[in-house]
Amino acid sequence: MAAGDDSVRSLEHTPTWAVAVVCFIIISISITMEHSIHLLANWFKKRNKTALFGALEKLKSELMLLGFISLFLTVTQEYIAKICIPTSAGDTMLPCRKQDANSDSAELNHFVKKFSHTIRQLLAEEEDSTEDGDSCTAKGKVALISEDGIHQLHIFIFVLALMQIVYSTLTMGLGRAKMRRWKVWEKETQTTEYIVANDPNRFRFTRQTTFGRRHMNNFTETVVHLWIKSFFRQFYKSVAKVDYLTLRHGFIAAHFSGRHNSFNFQQYIQRSLEEDFSVVVGVSPLMWFLVVILLLVDVHDWYVYSWLSFVPLLISLAIGSKLGVIVARMALQIKDQNNVIIGTPLVKPNDDLFWFGKPKFVLTLIHYILFVNAYEVAFVIWVIVSSLS
């Protein structure tokens, strides 16, 4: 190790001040993060943000799980690197095409590496890989996964969990921004103009109401027309004012006896969003299993990630269309029951309008969309970091 003796030093040859400074920085950052999470939890408790407090607890659980994964990989990486497999098995299902050392592509790759690494780092990495693979090479086999590969996998898992949290938080922020307009609509329900316009003793034809004109027309006569209309409507005015007010009225009529016009429907939706956030912010065991599947099928010439990137988009468009269809079908139910209504159109929310009669299935799909998007971004970051390290 003639070339690396001066750069690779154990703690016994490292200045105590250097060890103390590094430990101080790591401990200070860790304590600051822990205290910040504790302060945020207390703030959620004081504001009665039960759902957000639950999301924070799940976030802490995810961080603890990452800690266990990190500890396990650190302790076992040397033993895992000594597991040997046949060369034929080591050359199957590779993520990149294995190139000949004498080929032009290999020479170009070697030329690029000269500019991204120093000579000393190259020598050290070559020596480390030789030491790790000695036991397997002597047997005519290859290592199951090298220590460098375990280190890269370690980075990928951390970045994946981080991007899942970022994506979920960003989605919640966009949802809250979308609901700011609904807050104005909610305040309008307490005005005299709204009460007069929605007089419970006023008779109207169902088609003549604003809600009826929006959802009862020639484009809702067949299922195909209904889906096409809902598909394009999600790109503009996906939630109209009349839809919000009608759904609010239907929710109050279904869950409260008598008139509760003072009920704040916008705050209820906001609390529901926070509860949903506590679900999607974490990485469930099913999602971890999905990571294993995605890593397994990342094989050269399979082009899995080429078509995988379109799956979240298609599911997102399907969800947007389905929600539009649900609102339209509630409007058509009113038409089928009565041609004349009294007061505000009364919709009847029903779980049967959702896929498989389970509204939570939509939340599962949203969780999948966020996770796959986070996985793709984490994969790109992982490739960049690995190429620079």
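Trainee: So what do the buried residues of H7 pack against?

Mentor: They pack against helix H6 (147–178), helix H11 (241–255) and helix H12 (265–280). A contact here means heavy atoms within 4.5 Å, and helices are DSSP runs of H or I, at least four residues, while strands are E runs of at least two, all numbered from the N terminus.

Trainee: How far can I trust local details?

Mentor: This is a predicted model, so local features need pLDDT of at least 70 and side-chain atom pairs count only at pLDDT 80 or more, while totals for chains, interfaces and linings use all residues. Residues are numbered from 1 along each chain as its sequence is written, and side-chain values use heavy atoms, with hydrogens and water left out.

Trainee: OK, back to H7. Which residues are buried there?

Mentor: In H7 (residues 180–188), Trp182, Trp185 and Glu186 are buried. Buried means under 20% relative accessible area, exposed over 50%, and partly exposed is in between, with a 1.4 Å probe and protein chains only.

Trainee: Why are they on the same side of H7?

Mentor: Because they cover an arc of only 105° around the axis, taken from the directions from the helix axis to the C-beta atoms. An α-helix has 3.6 residues a turn, so residues three or four places apart point the same way.

Trainee: And what's exposed on the other side?

Mentor: Arg180, Arg181, Val184 and Lys187 are exposed there.

Trainee: Switching to rings. How many aromatic pairs are there?

Mentor: The structure holds 17. Rings of Phe, Tyr and Trp (its six-membered ring) pair if their centres lie within 6.5 Å; planes under 30 degrees apart count as stacked, over 60 as edge-to-face and the rest as tilted. Phe251 and Phe265 make a tilted pair, 5.4 Å centre to centre with 45° between the planes.

Trainee: What does that pair tie together?

Mentor: Phe251 lies in helix H11 and Phe265 in helix H12, so the pair ties together parts that are 14 residues apart in sequence. Phe251 is buried at 12% relative accessible area, and Phe265 is buried at 8%.

Trainee: Which residues do ring pairs link into a cluster?

Mentor: Trp182, Trp185, Tyr244, Phe251, Phe263, Phe265 and Tyr268. Two of those, Trp182 and Trp185, are among the buried residues of H7.

Trainee: Last one: what's the overall secondary structure count?

Mentor: The protein chain has 16 helices and 4 strands, and 31% of its 389 residues count as buried.
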